[in-house]
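Subject: Handover of a structure model

Dear colleague,

Please find below the structure that I am handing over to you. A summary of the findings follows it.

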Amino acid sequence: MEAGKRAEGGGEAAAAGPVFTLQEVAKRNCSREAWLVIHGRVYDVTRFLEEHPGGEEVLLEQAGKDATESFEDVGHSTDAREMLKQYYIGEVHPHDRKKEGSKDQNVTSSGQASFWSTWLIPIFGALVIGLMYRYYMLEGRSS
Ligand code: HEM
């Protein structure tokens, strides 16, 4: 079993591997078999559980699930990202990948919000100040 896994892990991570549904991943949620999803890729972390510097519990908590957010929240190093390759076993089925898309939508909507606050509000403020300045200057000259 382990030798088999090692052979798969050693394979080219860049090439698209076997495809798994989130349902299949969800079954591997214990210390005997722990899989997780990070950025649409499936990783078998069973033999990594004891080695994980952040502890076994956090991995088991995420096992069977999409761990992208928790993985990114920790701010893992480039070394940690490199290590992912060793545990890569396949891709998430395209039908189960909608989460990443909805995140993009959030980015766009917050992008629009920041457009308003970074440009229109300061421009409007500058216009008001300009008008007030003009008004007071004219007042000063007429009196
Ligand atoms: C296969 C996936 C993962 C790999 C290869 C991995 C690898 C590592 C490595 C190498 C470190 C040492 C610090 C660093 O180099 O960044 C680390 C720390 C840590 N990891 Fe992971 N990790 C994985 C998944 C996760 C997940 C899903 C969580 C969920 C919360 C997690 C939580 C943590 C925490 C809390 C630390 C300790 C950070 C610290 O002490 O500052 N890791 N991990």
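A residue is called buried when its relative accessible area is under 20%, exposed when that area is over 50%, and partly exposed in between. Glu 82 therefore counts as partly exposed, since its relative accessibility is 47%. Please bear in mind throughout that this is a predicted model.

Salt bridges

The model contains five salt bridges. Glu 82 takes part in one of them, its side chain meeting that of Lys 85 with an N to O distance of 3.5 Å. Both residues belong to helix 5 and are three residues apart, about one turn of the helix. Lys 85 has a relative accessible area of 45%, so it is partly exposed as well.

A further salt bridge brings together the side chains of Glu 72 and Arg 81, at 2.9 Å from N to O. Here Glu 72 is partly exposed, with a relative accessibility of 30%, and Arg 81 is also partly exposed, at 33%.

Glu 91 and Arg 97 form another salt bridge, in which the closest N and O atoms are 2.7 Å apart. Glu 91 is buried, because its relative accessible area is 11%, whereas Arg 97 is partly exposed at 35%. Through shared partners, salt bridges join Arg 41, Glu 91 and Arg 97 into one network.

The iron site

Which residues coordinate the iron atom of the ligand? They are His 52 and His 76, each through its NE2 atom, at 2.0 Å. The site has six donor atoms and is octahedral, with angles of 85 to 178° among them. The two histidines link distant parts of the chain, being 24 residues apart. His 52 is found in the loop between strand 4 (41-44) and helix 3 (56-62), while His 76 is found in the loop between helix 4 (68-74) and helix 5 (78-87).

Are these two histidines buried or partly exposed? His 52 is buried, as its relative accessible area is 14%. His 76 has a relative accessibility of 21% and so counts as partly exposed.

Nonpolar cores

In soluble globular proteins, nonpolar side chains tend to be buried together. In this model, the largest nonpolar core has 14 residues. Those with the most contacts inside this core are Leu 36, Ile 38, Tyr 43, Val 45 and Leu 59. Strand 3 (33-38) and helix 5 each supply at least two residues of the core, and strand 3 gives the most, with three residues.

Leaving aside neighbours within four places in sequence, Leu 59 is in contact with Leu 36, Val 45, Phe 48, Leu 49 and His 52.

Another core, of seven residues, lies apart from the largest one. Trp 35, Val 37, Val 42 and Val 92 are among its members.

The annotated segment

The unreviewed UniProt entry annotates residues 116-136 as a "transmembrane region". In the model, this span is 100% helix and 0% strand.

With kind regards

Terms used
Residues are numbered from 1 along each chain as its sequence is written. This is a predicted model: local features need pLDDT of at least 70, side-chain atom pairs count only at pLDDT 80 or more; totals for chains, interfaces and linings use all residues. Side-chain values use heavy atoms; hydrogens and water are left out. Donors are N, O and S atoms within 2.8 Å of the metal (3.2 Å for Na, K and Ca); water is not among the atoms, so sites may look incomplete. Four donors count as tetrahedral if all angles lie between 85 and 135 degrees; four count as square planar and six as octahedral if opposite donors are over 155 degrees apart and all others between 65 and 115; anything else is irregular. Helices (H or I, at least four residues) and strands (E, at least two) are DSSP runs, numbered from the N terminus. Buried means under 20% relative accessible area, exposed over 50%, partly exposed in between (1.4 Å probe, protein chains only). UniProt positions are given in the numbering used here, feature names are shortened, and annotations may be inferred rather than shown by experiment. A salt bridge is a side-chain nitrogen of Lys or Arg within 4 Å of a carboxyl oxygen of Asp or Glu. A nonpolar core is a set of buried Ala, Val, Leu, Ile, Met, Phe, Trp, Tyr and Cys residues joined through side-chain atoms within 4.5 Å. Contact means heavy atoms within 4.5 Å.
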